[in-house]
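Here's a quick briefing to read with the model open beside you. It goes through the contacts first and then a few backbone details.

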Amino acid sequence: MKWFKKVHHYLPPDFILERADDLCIRCKACVTQCSFDANFYDQKRNFIYTLQQNCVGCNRCVAYCPTEAIVVKNRPNPFREHSHWGAYYISGIKRRAYYGGTPVKSMGNDRPFPIYWDKLLLNASQVTNPSIDPLREPMELRTYIGRRPKYLKKGEALPPSIMLQTPIMIGAMSYGALSFNSVESIGRAVTMAGTFFNSGEGGLSRDHYKFSKHVIVQVASGRFGVHKEYLDIGSAIEIKIGQGAKPGIGGHLPGEKVSESISQARMIPKGTDALSPAPHHDIYSIEDLRQLIYALKEATRYSKPVIVKIAAVHNVAAIASGIARSGADAISIDGFKGGTGAAPEIIRNHVGIPIELALAAVDTRLRQEGIRNEVSIIASGGIRGSADAIKAIALGADAVYIGTAALITLGCTLCQQCHTGRCAWGITTQDPFLSKRVNPDIMSEHLYNLFNVWSLELKEIMGAMGVNSIESLRGNRLHLRGVGLSDRDLEILGVLPAGE
Amino acid sequence: MFINVSNNLPRDISGCGISGFINTNGRRSSGRACVDSICMMRDRGNGLGAGFAVYGAYPEFRNYYAIHIIYQDNKAREETEEYLSTKLSIVQRGGIPTKKTKNIQSRPLFFVYFGKPRAQSDVAEIDEFREDQEDEFIVRLAMKINENIKGAYVISSGKNLGVFKGIGFPEDIAEMFMIDDYKGYCWIAHNRYPTNTPGWWGGAHPFSVLDWSVVHNGEISSYGINKRYLEMFKYNLNLKTDTEVISYLLDLLVRRHGLSLKEAALAFAPPFWTQIEKMNTDQKNKIEKIRRIYGSAMLNGPFAILVGFKGGLMGLSDRIKLRPLVVGQKGDTTYMASEESAIVGVVKELDRIWSPNAGEPVIAKLKPAVSARLFGKSNKTVRV
C-alpha cells in the first residue's frame, strides 16, 4: 500500500466503514469494487482491512457486499464542538494550508441553504371544479422550446423549436465529465421518452451522433469540440454563459479524465486539463452575445433554436431580459444548487442564488416587459422530483433540466468525487475498467422509467388541480401557496401564503 | 350592498346557469322570454347574483358608447363624472331606471352615459392614452375607473348594449331593472351560484367590455396564467372573478390580434394533440400555431360560456365538456342555455335542439343585411 499516516497532513476521515466480521465471507467484492483503495485484503491473516481515510462514502462496497456486512457511517465531528467553528471550517482551513491549493469538489452545493421548493405547496380541485383522472382522460404534457411570435400572423411559419413529450430534459453534462456509457444510457433514454439531453461543453463522440434528434449541443467558452458538423447534428444549440454550480468561472475537466476518445471529441491533446475560460473571449457584453447567437443561427441556416444558459445570479432578471432581446429563442437558468463535475468548493458553496427566486424574478420581469411569451424558459439546479418540476413550471418555467437526478438513476450516491475520475459507479470516469459498470441496456431503461414515472406524477398532480394541459399551469402561480416564507419572499415568488 | 373587494381573494369561483338567444333578422323582443328562460333554472343559482345583457337596447344612441357604471355612493359618482367629463363628450346621461322590489334591500347607484372620446388637446391626456383608436380608448378608460376610483365600476361600455346585473335571484334583478321594458335582438342572462364569496354587484355576470359580453358557468382553473398573460398586454383585472379574463381575452385576441371568433374559440378550447395529429397538414399547422402562440390564453377547467359580440352570439364549452350547454333553433332565432328546460320552457315546437360537442363553438350571426342596417356598412362586425 502507498498509504501511510502523516501527522502534519492529518485530516480526520469523513466516514467510518464498519465491516461485521461474523458476516464477512472474504469474497473480496468490496476490495475489487472500491476505486479509491479504501479496502484491501491481507492474505496471510485472511482479513479485509479498511483505510477509513480513503473512503469517500460512495457505498459501492455496501451495494456489492453479498452478506450486507458493511455499513458506511458519517463520522461524528472529530473536533471539539464549537457553534461557530464547525468541522467544515476547521478541515477546510487545514486542507488549504496542507496542500497549498483551493479544494475542488463535485456535484451541487451541499451547504444547508433554504430550499424554497419545500416551502411551496400545490393546489387541488374540490367540488366547484372536478379533478380530472389522468388514467381515464387525456392529459397533455407536450412542450415546445423555442421562440413564439406575439400574435398569430397569417401565412407565417413559426420559428424553429424543439418538441418535448414531457417538460423534463437532461441538462448539460459533457462527455468527459461523464463516461461513454453514461452518455449512451442518457441518449437512449431521452430518445425513448421523446425528450432531449444536452451534450455539455465537451463536444460529442461520433458514436453518439445517432442521437441527433434528441440532443442539444452546447457551445461554451472553451469551444471544445465545436465544429460545423457538431452544430448540424444538434436539434438545438445552447450557448453556455454560466453554470449554477460555479457562476463566473469556466469549466474544469482534469487531465486525468482526458482519454484518447475524449481528446478526439474535445479536439484537445490527451491528458491535458480542459479548463475553459471564465468568459467567452468573444462576448464581453450583450451586443457580443447577440453576434454569437446570430453567428450560430447563420451557421445552421436558422433551422434550430438557440438557447442561452446563465447561472442564477443577483441581477438575473435584467440579464435574462437582455438575452430575450438579443435573439435567443430560449433562456436556461441554472440555480446555485446545480451540479458540476468539478468546481472550486469556495465558488460552488457561496456564489449564486436559488433557482426558485431567480426563476420567479425572471418570469415576472419578462412579463412586465411584455415579452415573456416570446421566449422559452428552462429552469435547472437541484430539481429532485416531479413536485419540484411542477412547482418550477407553475412559477414560470417552460421545462426543466435535470442532472443530478439522472445520475442518481445511473447509480450515483452523491459522493462528490466526479473530478477525481475514479467514480466507483462508472458514471464519471474514463477508466475502461470502471466505466463498464454502467450498462446502457439496463441504465437507459431505468432512466426511461424515471421520465415515465415523473410524467405520470405530473399528470396526477395536474389532474388533481383540474387542468389537462401543461400550458395552463405554466406561470400559473395561483396553484401555489407558500408556507413559512417571509412577505418579501412571497412577493418575489409571486405566491400567496397558505390560507389566503 | 357593496362588498369590499380588496379582501385578497385572488378570484371568486361559482357554479351557475346561463341562457341566451339571438334573432338573426335583428327583430327586437322584450326581455320577458330571457327572464322566463333563466328562471327555469332557479336551482342553478343561490340568489347571490344574476344579470342580463341586451343588444339593441339603445337604438337612438347606437353610435355612442353606452357606459354603464355602478357607484357605491355619490362621492364615487361625483369623482367619476368629473373624470368622465374630461375624457368623453357625453350626449346623454342619467340614472338607470329601477323600481323598488321586495327582495332586494340595499343596492348601489346605477348610471348610464352615452358618449364618445373627446378630441384630445392637451399633452397630459395624450401621454395618458397613447392609443388613438376609440375602442382602445374606451377599454383603457373603463380600466382606469375600475382601478383608480374607489366604489365605481364600469360594467358595460359597448354601443347599443346594456348590462344589468346585481345580487339577487334573476327574477328580482329583472323586476328591479324592469327588464321587460327593454327590447333587444340578442339577450344573454345569468343565474349565479357563488361558492366562496358573498357576491358583490360588480362580480355578477355578464362581464362586458366594449361590445363583448360574457356569461359563464364554471371555474377557470387556468385563471392565474390567463390573468398574467392579459397583464402583459396592459389589461388590469380588478373584478376578481375568473369570467373577467374571458371578455378581455376576446378583446385581445379578436379585436387587437385580429383572430376570427372561431380561431379564438380554438385558443380557448383547443383539440388535444392526439386529435391534432390526425388532422390534415393545413389544419394541423393552423391549430398547432394557435396552441403554441396562445397557450396562455387557453381556458382550462370546467366552463360553458355564452358570448355576445358585435353581430352575433357564441356558445362554447370546455374541451372535455365539464359543464352543460344546449342549443335550440326555431326559425330565425337561436337559443343557447345550460339546460334544455330553459329553452323548451319558453319556446314550443323547436326546429332543432342539440348538445354541441366539447370545445365546439356554436355561432349564430346576424344576417349581413341586418348587420349593415344596424352598424352601417363601414362599421365592421366581428369576423367569424
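Buried area here means the accessible area, with a 1.4 Å probe, that two parts lose on being put together, summed over both. Keep in mind that this is a predicted model. With that in hand, domain 1 and domain 2 of chain A bury about 870 Å² between them, while chain B and chain A bury about 3700 Å².

**Two domains in chain A**

- Chain A splits into domain 1, covering 7-76, and domain 2, covering 116-497.
- Going by C-alpha atoms, the centres of domain 1 and domain 2 of chain A sit 36 Å apart.
- Contact between the two involves 10 residues of domain 1 of chain A and 11 residues of domain 2 of chain A.
- Of the roughly 870 Å² buried between these domains of chain A, 58% is on carbon and sulfur atoms.
- What about helices on the domain 1 side of chain A? Helix 1 (29-33) and helix 2 (60-64) each put in at least two of the residues that touch domain 2 of chain A.
- By type, that touching side of domain 1 of chain A has 4 nonpolar, 5 polar and 1 charged.
- As for specific pairings, there are 0 salt bridges between domain 1 and domain 2 of chain A, but 7 residue pairs are in polar contact, both at pLDDT 80 or more.

**Where chain B meets chain A**

- Chain B brings 41 residues to the contact and chain A brings 49.
- Carbon and sulfur atoms give 54% of the area buried between chain B and chain A.
- Which residues of chain B lose the most area to chain A? They're Arg228(B), Met232(B) and Arg292(B), together 21% of what that side buries.
- The rule turns up 6 salt bridges across the interface of chain B and chain A.
- Take Lys154(A) and Glu263(B), which form a salt bridge with their closest N and O atoms 3.2 Å apart.
- There are also 21 residue pairs in polar contact across the interface of chain B and chain A, both at pLDDT 80 or more.
- On the side of chain B that touches chain A, helix 6 (223-232), helix 9 (273-277) and helix 10 (281-293) of chain B supply at least two residues each.
- Sorted by type, the chain B side of this contact has 18 nonpolar, 10 polar and 13 charged residues.

**Backbone details worth a look**

- Helix 3 of chain A runs over residues 87-99, so 13 residues, and reaches 18 Å from first C-alpha to last, close to the 18 Å expected at 1.5 Å a residue.
- Just past helix 3 of chain A, Gly100(A) has a positive phi of about 65 degrees.
- Arg223(A) also has a positive phi, near 55 degrees, and it's a residue other than glycine.
- You'll find Arg223(A) in the loop between strand 11 (215-219) and helix 5 (228-233) of chain A.
- Over in chain B, the peptide bond from His205(B) to Pro206(B) is cis, with omega near 0 degrees.
- Pro206(B) lies in the loop that joins strand 10 (186-194) and strand 11 (207-209) of chain B.

Note on methods. Residues are numbered from 1 along each chain as its sequence is written. Chains are lettered from A and ligands numbered from 1 in the order in which they are written. This is a predicted model: local features need pLDDT of at least 70, side-chain atom pairs count only at pLDDT 80 or more; totals for chains, interfaces and linings use all residues. Side-chain values use heavy atoms; hydrogens and water are left out. Domain bounds come from an automatic or database domain assignment. Contact means heavy atoms within 4.5 Å. A salt bridge is a side-chain nitrogen of Lys or Arg within 4 Å of a carboxyl oxygen of Asp or Glu. A polar contact is a pair of N or O atoms within 3.5 Å; within protein, one must be able to donate a hydrogen and the other to accept it, and residues adjacent in sequence count only if both atoms are side-chain atoms. Helices (H or I, at least four residues) and strands (E, at least two) are DSSP runs, numbered from the N terminus. Ala, Val, Leu, Ile, Met, Phe, Trp, Tyr, Cys and Pro count as nonpolar, Asp, Glu, Lys and Arg as charged, and the others, Gly among them, as polar.
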